[in-house]
Amino acid sequence: MKVCKTCDRVYKSEHDFLINTYEWRTHNNKEMWFSCSCGSTLILKAGQFEWFDPYKLLSDRAKTIFNDLALSTHLPRIRTSIERIQNLLEQPDSEAKDIARELKGEPLLAADLLKLANHVRRENSAEINKLEHAIMYVGRRTLRDLVTAAYLKELKFNTHAFTLEMFWQEAFLIGLVSESIVKELSLPLGTDVAYVGGCLSNNGKLVAALCMPEQLDMIYEETIVNQTTWQEAEKRLGAPSHTILGEIAAAFWSLPRFVSETIGHHHDWYSQTDESDWANPGLIDVVILAHQLSHLILDRPHRMENPLFEKACEVFKLSQKDVEAMVKKFAGHRDFANSFV
Ligand SMILES: [Fe+2]
């Protein structure tokens with residue numbers, strides 16, 4: 001039996017461990033770490049629960065798709081060196097210089113992290129050019145999420161029409177717009193959380209690019225030839241929704257809970273919840289709005305999901321004029337997002 005010291009949640013059966021838990025990961029092959037529903041990290045000794053496999057965290061729908069696409073052989077796992085950095089970031093007694101040393105073994109990642117740290121620093125503060133400084137500036141929790149994002153960015157696509165560059169340009173744009181919405185509307189949400197949550201919300205497309213590239217190209221082409229939304233194109237072609245593929249990504253790549261929620265609900269939030277959930281707009285509302293504003297910024301009206309957009313505007317009490325002003329203000333993010341790729 002295990003009890004969470006923060007929220008007193010009791011874990012007895014396998015079922016208890018698999019419901020509303022997140023971010024399962026191994027640590028030095030000696031321990032298994034996971035996040036309780038309250039957000040605290042809990043630790044199990046290796047061997048104590050040999051039954052664990054991320055597959056068990058999936059919904060029945062996701063399990064079927066996982067098996068149909070033979071994802072157990074196609075889905076890449078997070079590299080050990082990345083896991084090592086993530087583990088170091090979670091240990092309160094690890095020093096920034098140790099983390100910086102590990103990051104140096106991942107130069108592309110180190111460069112990206114410096115770039116991102118400089119993006120989130122205040123305008124009037126000095127440029128961050130040391131990894132140790134970047135770690136302290138951004139904070140370990142955020143850095144851990146950014147490490148995951150940077151690792152995913154290195155995965156190679158097997159597509160021809162829908163390219164890796166297209167995916168990441170859109171992902172970074174959605175992240176930057178999400179962050180700006182939080183600032184613009186003075187929402188009580190972390191701007192870094194908004195950035196990472198927005199950036200990784202379409203991760204299901206990343207799984208599709210790796211595991212069903214031909215079908216992903218067909219979906220993309222369908223949106224252009226028939227000027228339709230991504231969701232509609234998936235339905236017409238009988239392809240699995242990227243929100244379900246994203247659920248699989250979240251379980252296998254140990255993505256943070258707030259990311260798995262934006263992945264799962266950035267298209268169905270207003271049809272699956274009721275008005276009481278919208279009284280205090282949260283990260284999912286921000287990411288929904290960011291997706292739609294990004295379509296406007298990228299000038300592709302056919303990709304807009306109008307009922308979803310209207311609902312998001314209603315939730316945030318935005319007029320047509322407010323939307324136009326935001327699109328104008330955030331338009332510069334397009335070039336900045338492109339510079340990340
Ligand atoms: Fe999406």
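Modeller: A crossing of two helices is left-handed if the near helix is turned anticlockwise from the far one by less than a right angle, and right-handed if clockwise. This is a predicted model, in which local features need pLDDT of at least 70 and side-chain atom pairs count only at pLDDT 80 or more, while totals for chains, interfaces and linings use all residues. Residues are numbered from 1 along each chain as its sequence is written.

Biologist: At what angle do helix 17 and helix 19 pack?

Modeller: Helices (H or I, at least four residues) are DSSP runs numbered from the N terminus, and their axes are lines fitted to C-alpha atoms over the stretch in contact, with angles from 0 to 180 degrees between N-to-C directions. Helix 17 (residues 283-297) and helix 19 (residues 320-330) pack at about 70°, their axes lying 10 Å apart. That makes the two helices roughly perpendicular, given that angles under 35 degrees count as roughly parallel, over 145 as roughly antiparallel, 65 to 115 as roughly perpendicular and the rest as oblique. Their crossing is right-handed, and Leu 293, Leu 296 and Ile 297 of helix 17 meet Met 326, Val 327 and Phe 330 of helix 19, a contact being C-beta atoms, placed from the backbone, within 7 Å.

Biologist: How do helix 10 and helix 17 pack?

Modeller: Helix 10 (residues 191-199) packs against helix 17 at an angle of about 55°, with the axes 10 Å apart, and the pair is therefore oblique. This crossing is right-handed, and it brings Val 193, Ala 194, Gly 197 and Gly 198 of helix 10 to Leu 283, Val 286, Val 287 and Ala 290 of helix 17.

Biologist: Which residues of helix 5 are buried?

Modeller: A residue is buried if 20 or more other C-beta atoms lie within 10 Å of its own, exposed if 12 or fewer, and partly exposed in between. In helix 5 (residues 96-104) the buried residues are Ile 99, Glu 102 and Leu 103. They lie on the same side of the helix because they cover an arc of only 100° around its axis, the arc being that of the directions from the axis to the C-beta atoms. Those buried residues pack against helix 4 (80-90), helix 6 (107-120) and helix 7 (131-138), while the face turned away from them carries the exposed Lys 97 and Lys 104.

Biologist: Is Val 147 buried or exposed?

Modeller: Val 147, in helix 8 (residues 140-153), counts as buried because it has 24 C-beta neighbours inside 10 Å. Leaving out residues up to four places away in sequence, Val 147 touches Ile 82, Ile 85, Gln 86 and Leu 109.

Methods: Two residues are in contact if their C-beta atoms, placed from the backbone, lie within 7 Å.
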